[in-house]
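Subject: Structure handover

Hello,

Here is the structure I said I would pass on. My notes follow below it.

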Amino acid sequence: MVETAPDAQPSSNLAERALHQRIRQQEILAELGVSALQGTPFPVLLNDAARLTAEGLRAEFCKVLEHLPSENRLIVRAGVGWDEGVIGTASVGADLESPAGFALHTGKPVISNHLENEQRFRTPELLVQHGIHRAMNVILQGDGLPFGVLEVDSRAEGEFGDQDIAFLQGAANILGMAIERQRYERRLKAALDHQQILLKEINHRAKNSLQLVASMLDLQARIVADPTLGGHLAEASKRISAVGRLYEHLSHDGTVEKIDLGAYIQEICKDLGASGSNCEVHFEAENGIRFAPDRAIHLALIVNELVTNACKYAYPEPSVGHIWVNIRREADAVSVSIRDAGVGLPAGFEIAKAKGLGMLIATTLAAQLGASLTSTRQNPGAGFALLVPLEPPAPLDSA
Ligand SMILES: Nc1ncnc2c1ncn2[C@@H]1O[C@H](COP(=O)(O)OP(=O)(O)OP(=O)(O)O)[C@@H](O)[C@H]1O
Ligand SMILES: [Mg+2]
């Protein structure tokens, strides 16, 4: 019969307990790593880290201290075990006399297993108030300046050892990496916000400059003696305004990829039917058609010409005429129709053969869009239909 030594049972229990703790510590480090990589919100991550670190070390207290250099203090940012009102408010000195301060400045881990007999440091008031006997501090650092310190504290008897400090340092390294990542993301976001502001500013300036050019042409149109020349100048001004409207949309949207086509063309129709014009433009568009800005400009200039023509020719002054502009989304294209109920197109009218600049602009830009442009005779009036593919045509030499 094998005799069991009287202390064999308790010591094997102790070893098993220690082994379980080490395994749990490994699990905790893995858990923390995943949480940090998943981009858990920063305050949640800090609290998780404090809770899991305390659990891994079977300690009642843990805290994440953030360094406030201007005050030379370390504020409790997150933690477990502390009385109400400590987190976010209480702080400890960041000087070399405090254990946390020492860890922060030297980067060396600090173990104090008997705070009451500690000669190297003074015991921070916060620890005294909570009856803490022993503590461990390690620096929290990514690539840049240290964020602060991760500290674990206990009231219980016993001692923290090398394995414990290794676990604490492991947790602090993971947290430090996550802090660095958060800082990087914040810097990236700030840079992106700055870019957005610059982009809006540039678009705003482009709009203002175009508006200035348009209004100068308008002014000139009004003072030239020749009415035909005045008419041409006024139309040139409208074309420039149409382009300017796009930059207005871009500066509002803060985007460069796609704009709301309906909203943009509606503005142009509004301008064309504004005071001084003999026509009323009725506009209708499906919501949510997004179009690349350069393609939207092409389309807007075509609509500008067709609506201008309808205003000019369909309703001989002084009568006020109605023009309908409709934008619909087809499967992979946008269909635009412009029609009036006026005198109708001249006999023998063909888009391709028209002599004016308006039709030339419309056909050239339609070709660049890969769009089809057709005219119809209404009863009464004239109609134009555009079918514009959503995506630009492939370049000819891409085959
Ligand atoms: N909605 C319409 N109703 C009646 N006639 C039209 C209509 N649209 C165009 N036309 C006719 O088509 C012609 C060609 O138009 P186009 O825009 O190419 O030239 P324009 O308007 O005469 O000159 P510009 O555009 O250079 O000022 C016009 O002169 C007009 O006779
Ligand atoms: Mg014209």
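A residue is near a molecule or strand if its C-beta atom, placed from the backbone, lies within 6 Å of it. With that in mind, ligand 1 is surrounded by 19 residues, and the closest are N309, G356, L357, G358 and M359. The elements that give two or more residues to this shell are α8 (293-314) and α9 (357-369). Helices (H or I, at least four residues) and strands (E, at least two) are DSSP runs, numbered from the N terminus. The most comes from α8, with six residues. Sorted by class, the shell around ligand 1 holds 11 nonpolar, four polar and four charged residues. For these classes, Ala, Val, Leu, Ile, Met, Phe, Trp, Tyr, Cys and Pro count as nonpolar, Asp, Glu, Lys and Arg as charged, and the others, Gly among them, as polar.

On conventions: this is a predicted model, in which local features need pLDDT of at least 70 and side-chain atom pairs count only at pLDDT 80 or more, while totals for chains, interfaces and linings use all residues. Residues are numbered from 1 along each chain as its sequence is written, and chains are lettered from A and ligands numbered from 1 in the order in which they are written.

Next, the six-stranded sheet. It is open, has the order β3-β2-β1-β6-β5-β4, and its pairing is antiparallel. Two strands pair if DSSP finds at least two bridges between them. The edge strands β3 and β4 each pair on one side only. Direction ignored, neighbouring strands of this sheet are turned by 25° against each other on average. Axes here are lines fitted to C-alpha atoms, for helices over the stretch in contact, and angles run from 0 to 180 degrees between N-to-C directions.

Some of the pairings in detail:

- β2 and β3 are antiparallel and share three bridges; R73 stands opposite G93 in β3.
- β1 and β6 run antiparallel and are joined by six bridges; V64 has L150 in β6 as its bridge partner.
- β5 and β6 run antiparallel with seven bridges between them; N137 stands opposite E151 in β6.

A residue is buried if 20 or more other C-beta atoms lie within 10 Å of its own, exposed if 12 or fewer, and partly exposed in between, with C-beta atoms placed from the backbone.

Helix α3 (residues 99-106) has six of its eight residues buried, so it is largely enclosed by the rest of the structure. The buried ones are P99, A100, G101, F102, A103 and L104. What covers them includes β1 (61-68), β2 (73-80), β3 (91-93), β4 (110-112), β5 (134-140) and β6 (148-154). Just after α3, G107 takes a positive phi of about 75°.

Helix α2 (residues 42-56) lies across β1, β2 and β6 and runs at about 75° to β2. The axes of α2 and helix α5 (residues 162-223) come within 10 Å and cross at roughly 175°. That makes α2 roughly antiparallel to α5, since angles under 35 degrees count as roughly parallel, over 145 as roughly antiparallel, 65 to 115 as roughly perpendicular and the rest as oblique. In this contact F42, L45, A49, T53 and G56 of α2 meet F167, L168, A171, L175, A178 and Q182 of α5. The residues of the contact divide into eight nonpolar, three polar and no charged.

G131 sits in the loop between α4 (125-129) and β5. Is G131 buried or exposed? It counts as exposed, because it has 9 C-beta neighbours inside 10 Å.

β8 and strand β10 (residues 321-329) run parallel and are joined by seven bridges; V281 stands opposite I323 in β10.

Regards

Technical notes. Two residues are in contact if their C-beta atoms, placed from the backbone, lie within 7 Å.
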